[in-house]
Amino acid sequence: MKAILDEAQAMSGEITAWRRSLHEIPELGLETPKTAAFIVQELKKMGAEDIREKVGGWGVTALVRGALPGKTLAVRADCDALPIKEETGLPFASKNGLMHACGHDAHTAMALGAAKLLLARKNELAGTVKFIFQPAEENVLGAKAMIDDGVLENPAVDALIGLHTGCLWKDIGFGEIGVRYGSLMAAVDRFIITFKGKGGHGATPHLAVDPVTMTSTAVLELQTILSRELSPLDPAVLTIGRIEGGRAFNIIAESCVIEGTVRTLSPATRAFVEERIRTIASRVAEGMRGEAEVKYEAGPPALINDTEFTKKFQAFAAGVAGADKVKEISEPTMGGEDVAFFLEKVPGTFFAHGSCNPDKGQVYPHHNPKFDIDEDALPLGSALFAGFALTWQK
């Protein structure tokens with residue numbers, strides 16, 4: 001299938017132009033009307049079928065139906081940006097105070113390239129490819145919103161593939177592809193605990209019930225979940241990022257709030273940590289004559305790649321990019337990605353696409369105002385999406 005890479009390389013200028021057009025119009029969250037309009041415009045130009053707009057907000061889907069019978073593969077590309085003021089100095093830099101600082105403009109451009117490649121090869125295509133252009137990855141609302149709006153139906157999706165470009169994994173350099181079996185990224189949960197007591201004067205603490213003391217004790221106790229209750233070989237993170245309570249130095253407050261995040265790689269560990277947070281918070285508060293109100297918000301689940309599907313993709317990618325360019329990612333990240341909602345419903349794989357090039361000064365991490373990618377890597381992403389769609393059922 002190296003021919004598909006040649007075809008994608010021939011489209012390099014068009015894929016790059018799509019990426020630059022999108023880079024100039026970054027939008028946030030579920031509100032991406034300009035981005036959606038651009039995607040629909042380009043899909044119509046190339047002759048994509050059954051284009052559906054406003055899926056779960058401003059999400060867009062389109063189909064490429066093959067001439068041969070077969071299953072449905074989804075290609076997912078996120079397309080939202082970040083509330084970051086761009087400092088790249090690029091001629092196509094954003095001017096609206098927002099920025100594509102995570103590569104989603106490139107993801108969308110590569111998916112558009114794959115759609116065009118497949119439309120030219122419909123006679124060879126078995127089944128259907130559903131392209132999913134998803135907003136709101138950064139605030140992890142988009143995938144679930146699109147699923148709730150039926151994106152995995154009509155036709156029903158049998159498997160899904162997606163990628164993340166840039167330099168997110170240190171193992172994967174420019175022009176390289178990274179795969180991983182099993183857990184790749186963590187489940188991302190948020191908790192808010194409000195400790196309630198009885199206010200009073202600092203000079204008479206015995207007449208009050210101090211929620212700040214409850215909070216201080218709980219902060220330390222919660223860390224023992226990881227250090228004393230989980231296996232050292234079971235990765236998990238519990239970070240408390242906010243503590244808020246009190247109005248004056250000599251007054252005992254009525255309440256104190258802590259807010260934090262939990263990151264886990266297995267559903268069992270995720271459930272265990274939540275239960276222990278609730279129990280520890282309640283017992284600490286009760287032991288100090290107070291109360292604890294625990295609000296636990298489950299975000300995306302752990303991103304778990306299907307083993308057999310990933311094996312097929314790795315073998316295919318090696319045939320396109322070269323075996324030396326396809327590497328296994330050595331360890332997962334505790335960051336999250338809401339593509340995990342899709343992979344919880346259908347088997348698939350999410351892979352790394354190396355596009356930071358130190359030789360061109362592209363060394364800045366994601367979410368940095370100077371983040372940029374080497375656009376020479378874009379055709380490879382399009383070729384992998386399209387070529388795999390042509391071969392995954394064989």
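This is a predicted model: local features need pLDDT of at least 70, side-chain atom pairs count only at pLDDT 80 or more; totals for chains, interfaces and linings use all residues.
User: Which residues lie nearest the centre of the largest pocket?

Analyst: Cys102, Glu137, Met185, Gly336 and His367. The lining has 13 residues in total.

User: How does that lining split by class?

Analyst: Four residues are nonpolar, six are polar and three are charged.

User: And the second largest pocket, what volume does it have?

Analyst: About 160 Å³. Its lining consists of Val140, Val188, Asp189, Arg190, Thr261, Arg263, Glu297, Ala298, Gly299 and Pro300.

User: Which elements give two or more residues to that lining?

Analyst: Three strands do: β8 (187-196), β12 (255-264) and β13 (291-298).

User: Which gives the most?

Analyst: β8, with three residues.

User: How many of the residues lining the second largest pocket are charged?

Analyst: Four. Another four are nonpolar, and two are polar.

User: What lines it?

Analyst: His164, Thr165, Gly166, Cys167, Leu168, Trp169, Ile172, Ala352, His353 and Gly354. β5 (159-166) and β16 (348-354) are the elements that each give two or more of the lining residues.

User: What about classes there?

Analyst: Five nonpolar and five polar. The lining of the largest cavity has no charged residues.

User: Why call α4 largely enclosed?

Analyst: Because 15 of its 16 residues are buried, α4 is largely enclosed by the rest of the structure.

User: Aromatics next. How many pairs turn up in the whole structure?

Analyst: Seven aromatic pairs. Take Phe316 and Phe388: their ring centres are 5.8 Å apart and their planes stand at 55°, so the pair is tilted.

User: Where do those two sit?

Analyst: In distant parts of the chain, 72 residues apart. Phe316 is in helix α8 (residues 307-321) and Phe388 is in helix α10 (residues 378-391).

User: Are Phe316 and Phe388 buried or exposed?

Analyst: Both are buried.

User: Which residues do ring pairs link into a cluster?

Analyst: Phe309, Phe313, Phe316, Phe351, Phe385, Phe388 and Trp392.

User: Two single residues before we stop. Where does Thr128 lie?

Analyst: In strand β4, residues 126-134. Thr128 counts as buried because its relative accessibility is 10%, and the cut-off for buried is under 20%.

User: What does Thr128 touch, sequence neighbours aside?

Analyst: Not counting residues up to four places away, Thr128 touches Leu63, Val64, Arg65, Lys71, Thr72, Leu73 and Pro155.

User: And Ile304, where is that?

Analyst: In strand β14, residues 303-305. Ile304 is partly exposed, with a relative accessible area of 37%.

User: What is Ile304 in contact with?

Analyst: Gly182, Ser183 and Leu343, leaving aside neighbours within four places in sequence.

Notes:
Residues are numbered from 1 along each chain as its sequence is written. Side-chain values use heavy atoms; hydrogens and water are left out. Helices (H or I, at least four residues) and strands (E, at least two) are DSSP runs, numbered from the N terminus. Buried means under 20% relative accessible area, exposed over 50%, partly exposed in between (1.4 Å probe, protein chains only). Contact means heavy atoms within 4.5 Å. On a 1 Å grid over the protein atoms alone, a cavity is a set of points where a 1.4 Å probe fits but cannot get out, and a pocket is an open set with protein on both sides within 12 Å along at least five of seven lines; lining residues have an atom within 4 Å of a point. Ala, Val, Leu, Ile, Met, Phe, Trp, Tyr, Cys and Pro count as nonpolar, Asp, Glu, Lys and Arg as charged, and the others, Gly among them, as polar. Grid points are joined across faces, edges and corners, and a volume is the space filled by probe spheres set on the points. Rings of Phe, Tyr and Trp (its six-membered ring) pair if their centres lie within 6.5 Å; planes under 30 degrees apart count as stacked, over 60 as edge-to-face and the rest as tilted.
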